[in-house]
Amino acid sequence: MEAVQTAPQRKFRKDYREPDYWVREVELEFDLGEDETLVRSRMRIERNDKADADAPLFLHGRGLEPRGFRLDGAELVEGRWFATDEGVEVPGVPASFVLETLVAIRPQDNTSLMGLYRAGGTFCTQCEAEGFRKITWFVDRPDNMARFTVTIRGDKARCPVMLSNGNRVAERDLGDGRHEVRWVDPYPKPSYLFALVAGDLRRHAGDFRTRGPRRRPRDLGRAAANTTGASTPSPALRKAMAWDEERWPRA
């Protein structure tokens with residue numbers, strides 16, 4: 001059966017409406033596996049002051065296999081939440097609460113290159129513009145700003161390096177050939193800026209001297225280059241920075 005092609009919908013600024021609920025903080029736990037990856041989410045959510053008191057919570061989500069919901073510690077059985085092709089709706093929520101969810105995804109089968117997928121054995125994410133909803137339930141909109149804490153667990157041999165946004169605050173060995181890394185981003189951000197990469201990576205450093213007195217070391221190389229010897233984008237990055245200085249000009 002051929003896929004039904006739908007015409008693009010026009011959206012106007014005058015029709016903009018804030019979401020009924022804001023996700024203020026989110027703690028994510030990724031258990032990276034060969035067969036499936038489990039994503040646990042713990043969100044602190046507040047109702048928008050402009051929303052109706054009986055407004056249901058709606059979270060975006062696509063292709064997610066639900067494994068559990070908990071509202072303020074109490075399990076939500078199916079019938080207290082309703083999944084659709086575009087997300088999940090939870091009616092009857094309070095003005096402020098904590099929602100915990102568990103979903104299963106299969107990055108190795110994700111060929112859309114959106115959300116969490118695998119490329120050459122490496123776990124990668126692409127969340128702009130609406131890829132995050134393929135990772136877990138969330139208010140996946142650019143106007144929803146949340147602080148992210150991310151814990152990643154994986155096989156030490158296959159994923160010796162596991163990265164995400166913010167600062168690495170903890171790491172530990174889990175035994176059985178697995179390990180865990182925890183990242184905290186202190187700055188609120190929209191979900192489309194979320195990033196995760198995990199695999200057999202190596203650091204590649206490089207330098208670029210600006211027109212001014214500053215020298216920008218290390219961060220201009222590829223943060224992690226794979227072990228296959230593939231070329232890195234360092235030369236292209238240097239050219240882009242030089243073009244930026246010449247075009248504006250700036251240093």
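**From a strand residue to the core**

Leaving aside residues up to four places away in sequence, Glu171 touches Glu180 and Val181, where contact means heavy atoms within 4.5 Å. Keep in mind that this is a predicted model: local features need pLDDT of at least 70, side-chain atom pairs count only at pLDDT 80 or more, and totals for chains, interfaces and linings use all residues. Numbering runs from 1 along each chain as its sequence is written, and side-chain values use heavy atoms, with hydrogens and water left out.

Glu171 lies in strand β13, residues 167-175 (strands are DSSP runs of E, at least two residues, numbered from the N terminus). Arg182 is 11 residues away from Glu171 in sequence, with 6.2 Å between their C-alpha atoms. Glu171 counts as exposed because its relative accessible area is 53% (exposed is over 50%, buried under 20%, partly exposed in between, with a 1.4 Å probe and protein chains only).

Now hop to Ser164, which is found in strand β12, residues 161-164. Ser164 has 12% relative accessibility, so it counts as buried. Its side chain reaches the backbone oxygen of Ala195 at 2.8 Å. Beyond four places in sequence, Ser164 touches Val150, Ile152, Trp183, Phe194 and Ala195.

Phe194 takes us to the largest nonpolar core, which has 44 residues; Phe30, Leu57, Leu99, Phe148 and Phe194 have the most contacts inside it. Strand β1 (residues 21-31) gives the most to this core, with 5 residues. Such a core is a set of buried Ala, Val, Leu, Ile, Met, Phe, Trp, Tyr and Cys residues joined through side-chain atoms within 4.5 Å.

Technical notes:
Helix = DSSP H or I, 4+ residues; strand = E, 2+ residues; numbered from the N terminus. Polar contact = N/O pair within 3.5 Å; in protein donor to acceptor, adjacent residues only side chain to side chain.
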